[in-house]
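This report describes a protein model in plain terms. Please look over the display below before reading on.

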2 protein chains.
Amino acid sequence: MKDMLKEYGDYTLSGIRQFIPAKEPKAYLYDLMVDYPSRGGKGFRPALCITTCNAFGGKTEQAKFSAIALELLHNAFLIHDDVEDESFNRRNKPSMHQLTNKAIAVNVGDAMNVLALYPLFKNKMVLGDKLTQTIFLEMQHLVTESTEGQALELGWRRDNCINLREADYFRMILKKTCWYTCIHPIRIGALIGTKGYINPAKFDRLGYFMGAAFQIQDDVLNLVANEKEYGKEIGGDIMEGKRTLMLIHLMGKCNSQERSFIRDFLAIPILDRSQDDAAHIFGLMEKYQSVKHAQKTSQYLAGAALKEFYTHFSALPDTLEKAFLEQMILYMIDRNY
Amino acid sequence: MKDMLKEYGDYTLSGIRQFIPAKEPKAYLYDLMVDYPSRGGKGFRPALCITTCNAFGGKTEQAKFSAIALELLHNAFLIHDDVEDESFNRRNKPSMHQLTNKAIAVNVGDAMNVLALYPLFKNKMVLGDKLTQTIFLEMQHLVTESTEGQALELGWRRDNCINLREADYFRMILKKTCWYTCIHPIRIGALIGTKGYINPAKFDRLGYFMGAAFQIQDDVLNLVANEKEYGKEIGGDIMEGKRTLMLIHLMGKCNSQERSFIRDFLAIPILDRSQDDAAHIFGLMEKYQSVKHAQKTSQYLAGAALKEFYTHFSALPDTLEKAFLEQMILYMIDRNY
């Protein structure tokens, strides 16, 4: 499965390179655009889109432009996300604004967002007008949902919200992560594979369960992964004050003194927070088994995703791509980076 | 003319309000989206688009969705521009990131960029598929050029480039300002007014001359305007190290000692620069008549724009809108805010 993932990733990356124009401004824009995609991301989104397309009888080339657009939007999102979170590293290298500065990083993200429209127009050549437009609307919804989810997360942090419930967290990651990481890649793949003859909404639950399992595992890895494999600073989420399932669980379980400690930690600016305090909060998460709770939740979600997968894919021929999709669901929670 | 400008501005603003969804997240996203547009911007871009459409025989309603998209993209651009430049004020109020924080401001800009796609899809209802798509491609080019221009400006600042020539400046503002402020609004208006039966490239020179005159006057006003009318901090461009025509002119004229002073000033971080040093640089601009040089250049450009305008518009019927466009060209350089 990992070989196939890498193959789709390389396929998409070479497509991205073709869309980045070979012209000025290079040092301040176009050379920077290829940086994040070249760092060897996992390539989940293109792989989900292409293999779903294949599982429904479509060809890889038919999903190519959509996969490229998904990956461009994803990397644009990461660049802005890193600015917003003041993250230091991304995929084992300095984040874009650390390499350049925040101003240039914001602009590179903007330019990548608009660059993603170019492959979407190319879809006309392989998919015709109607499906091209349907996919366009899928992408528009994808970006809209992501910005809404991001708004919730950033707003909670700014207002130092500490009374969040798990339901709030799930609503936030549905918007911030699930639509763009799983729901839309699968929907778009199925639309292409069936030439538009499918109601894509039937994959929404699958994508939601899968995306939520993915995000929770991502947050868990941020605490417990091997830093080199994970590619970002371990514990960075605690330092950033990110409202993860673990933090919400902890706030609901801990005593009032511990609660005050966490609230005070979250009230000071990101760059002024101490590593020792963050380590103490991680200790509390261990004490109240918040990490374990999150891991369990992620496993339940992956189970629910598998059930959805069997519902919608079991009637399809047994292809390599179908098997890949099943493995991807398990990989969401088994991966260690 | 100002009444008409206000009328088009209000017309576009009420359209924008209709496109901002009445749903959550409000405080962290959708309420913020209406903030900049409601501050009473000049509304140049919608007015140029609508009146050009009218001058070529089209109806205002036909240009409505394009005008809304132009204004949404413009305001998204301003929000990110203010983050990038670390500007304190916009239209007499705190800039978006001052009101919220940089993270939220970046995200609001992203969400407004994608929101601009919605009215562009609505174009289908009034303009048909083909023209809708043509306008889509115009907008895509508009954003691409703006990010390229922005990349040049931000890159020059980061690398503290001090050997720029006027030709570099003109190339930068063509990309950063002219396409999105004048060239595309006029092109799109003419395309709509003629139902697509015109080669829009013939307006490129008009839009370029007009946009360059506009940008230079904007930079001049940043130095000499009445702060309350202008709505931003006076002299902010010097503090930000913006490569204006005045700064480039000054660097070409001043002696080596003054040159070193300016270079050192530009080498320190924006927020560490002193107001006194900025005032000294403004004094040097006066000494070497750099402001006067810029004002003259702006006037020449407006003259060239007028010539282009007569070439392409004199055969059209004498309408109120045609007269408005002519006045707009003069207003570019006569305006004092």
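## Basis of the description

Helices (H or I, at least four residues) and strands (E, at least two) are DSSP runs, numbered from the N terminus. By that rule, chain A has 17 helices and 2 strands.

This is a predicted model, in which local features need pLDDT of at least 70, side-chain atom pairs count only at pLDDT 80 or more, and totals for chains, interfaces and linings use all residues. Residues are numbered from 1 along each chain as its sequence is written, while chains are lettered from A and ligands numbered from 1 in the order in which they are written.

## Overall form of chain A

The C-alpha trace of chain A spans about 60 × 50 × 30 Å along its principal axes. Its radius of gyration, taken over C-alpha atoms, is 20 Å, which agrees with the value near 20 Å for a compact globule of 337 residues. The globule rule is 2.2 Å times the number of residues to the power 0.38.

A residue is buried if 20 or more other C-beta atoms lie within 10 Å of its own, exposed if 12 or fewer, and partly exposed in between, with C-beta atoms placed from the backbone. Buried residues make up 53% of the 337 residues in chain A. Two residues are in contact if their C-beta atoms, placed from the backbone, lie within 7 Å. Of the contacts in chain A with a separation of 6 or more, 77% are between residues 24 or more positions apart.

Helix H5 of chain A covers residues 60-85 and reaches 35 Å from its first C-alpha to its last, close to the expected 38 Å. The expected span is 1.5 Å times one less than the number of residues. H5(A) has a kink of about 30°, centred on A:Ser66; the bend at a residue is the angle between axes fitted to the seven residues ending there and the seven starting there. Because 23 of its 26 residues are buried, H5(A) is largely enclosed by the rest of the structure.

Helix H7 of chain A (residues 102-115) has 14 residues, and 14 of the 14 are buried.

## Selected residues

A:Ile50 is in helix H4 (residues 44-55) of chain A. With 33 other C-beta atoms within 10 Å, A:Ile50 is buried. Among the residues that A:Ile50 touches are A:Tyr8, A:Thr60 and A:Gly189. The C-alpha atom of A:Ile50 is 8.5 Å from that of A:Ile186, although the two residues are 136 residues apart along the chain.

A cis peptide bond, with omega about -10°, joins A:Glu24 and A:Pro25. A:Pro25 lies in the loop between helices H1 (2-19) and H2 (26-33) of chain A.

Just after H5(A) comes A:Glu86, a residue other than glycine whose phi is positive, near 50°. A:Glu86 has 18 C-beta neighbours inside 10 Å and counts as partly exposed.

## How the two chains meet

Which parts of chain B supply at least two residues each to the side that touches chain A? In total, 29 residues of chain B are in contact with 29 residues of chain A. Helices H2 (26-33), H5 (60-85), H7 (102-115) and H8 (117-158) of chain B each supply at least two. H8(B) gives the most, with 12 residues.

Chain B superposes on chain A by a rotation of 180° with 0.0 Å of shift along its axis (RMSD 0.0 Å). The copies are thus related as by a two-fold rotation axis. Copies are superposed by least squares on the C-alpha atoms of residues with pLDDT of at least 70 in both. Because 100% of the interface residues of chain B are also interface residues in chain A, the copies meet through the same surface.

Key. Lists of a residue's contacts leave out its neighbours within four places in sequence.
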